Amino acid sequence: LLNNFIVPQTSAITSGTSNCNEASGKDSVMEAYLETNTFALQNDISKGNGETLTGLLTIMSCNNFDSVSANLKNNYSYIYQDQNNNNQVKARLTEKIQATSACQVNI
């Protein structure tokens with residue numbers, strides 16, 4: 001599922017057909033992934049595991065999935081306190097992922 005999602009998006013970004021510039025490529029992939037997988041990701045974060053959570057952490061270059069997943073699960077209420085605002089959810093997800101020392105986010 002993840003490979004099918006990333007490859008076409010990356011191709012669109014590098015070929016200039018997605019209305020995004022290359023500097024924001026990873027950020028754009030994350031935004032598209034969050035939008036496409038909103039409810040499944042929210043469910044996975046509440047459980048602390050799942051395919052869409054693994055996909056997000058892969059996009060964000062996280063190495064220690066267990067530690068990051070536990071951190072996101074513990075901060076579920078904070079991350080989704082305004083679940084209808086995708087920008088806030090994305091910002092809070094990024095904040096909590098960056099707060100986990102096992103993960104480096106470069107977006």
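How are α5 and α7 oriented to each other? This report on a predicted model starts with that pair, then turns to the other helix contacts and the cavity.

## α5 against α7

The α5 and α7 axes come within 9 Å and cross at roughly 135°. Angles over 145 degrees count as roughly antiparallel, and 65 to 115 as roughly perpendicular. α5 and α7 are therefore oblique to each other. Their crossing is right-handed.

From α5, the contact uses Val68, Asn71 and Leu72. From α7, Leu93, Lys96 and Ile97 take part. By class, this contact has four nonpolar residues, one polar and one charged.

## α4 against α5

Helix α5 covers residues 65–74. It also packs on α4, at an angle of about 115° and with the axes 11 Å apart. That angle makes α4 roughly perpendicular to α5. The crossing here is right-handed.

Leu53, Thr54, Leu57 and Thr58 form the α4 side of the contact. Phe65, Val68, Ser69 and Leu72 form the α5 side. Five of these residues are nonpolar, three are polar and none is charged. Val68 and Leu72 of α5 touch α4, and Val68 and Leu72 also belong to the contact with α7.

## α3 against α4

Helix α4 spans residues 51–59. The axes of α3 and α4 come within 7 Å and cross at roughly 95°. That makes α3 roughly perpendicular to α4.

On α3, the contact residues are Ala40, Leu41, Asp44 and Ile45. On α4, they are Glu51, Thr52, Leu53 and Leu56. By class, the α3–α4 contact has five nonpolar, one polar and two charged residues. Leu53 contacts α3, and Leu53 is also part of the contact with α5.

## The cavity

How many cavities of 30 Å³ or more are there? The count comes to one. About 80 Å³ of space lies in the largest cavity.

Which residues line the largest cavity? They are Leu34, Thr38, Leu41, Tyr80, Gln83, Asn86 and Val89. Two elements, α3 (38–47) and α7 (86–99), each give two or more residues to this lining. The lining has four nonpolar and three polar residues, with no charged residue.

Leu41 is part of the cavity lining, and Leu41 also sits in the contact of α3 with α4.

Notes:
Residues are numbered from 1 along each chain as its sequence is written. This is a predicted model: local features need pLDDT of at least 70, side-chain atom pairs count only at pLDDT 80 or more; totals for chains, interfaces and linings use all residues. Side-chain values use heavy atoms; hydrogens and water are left out. On a 1 Å grid over the protein atoms alone, a cavity is a set of points where a 1.4 Å probe fits but cannot get out, and a pocket is an open set with protein on both sides within 12 Å along at least five of seven lines; lining residues have an atom within 4 Å of a point. Grid points are joined across faces, edges and corners, and a volume is the space filled by probe spheres set on the points. Helices (H or I, at least four residues) and strands (E, at least two) are DSSP runs, numbered from the N terminus. Ala, Val, Leu, Ile, Met, Phe, Trp, Tyr, Cys and Pro count as nonpolar, Asp, Glu, Lys and Arg as charged, and the others, Gly among them, as polar. Axes are lines fitted to C-alpha atoms, for helices over the stretch in contact, and angles run from 0 to 180 degrees between N-to-C directions. Angles under 35 degrees count as roughly parallel, over 145 as roughly antiparallel, 65 to 115 as roughly perpendicular and the rest as oblique. Contact means heavy atoms within 4.5 Å. A crossing is left-handed if the near helix is turned anticlockwise from the far one by less than a right angle, and right-handed if clockwise.
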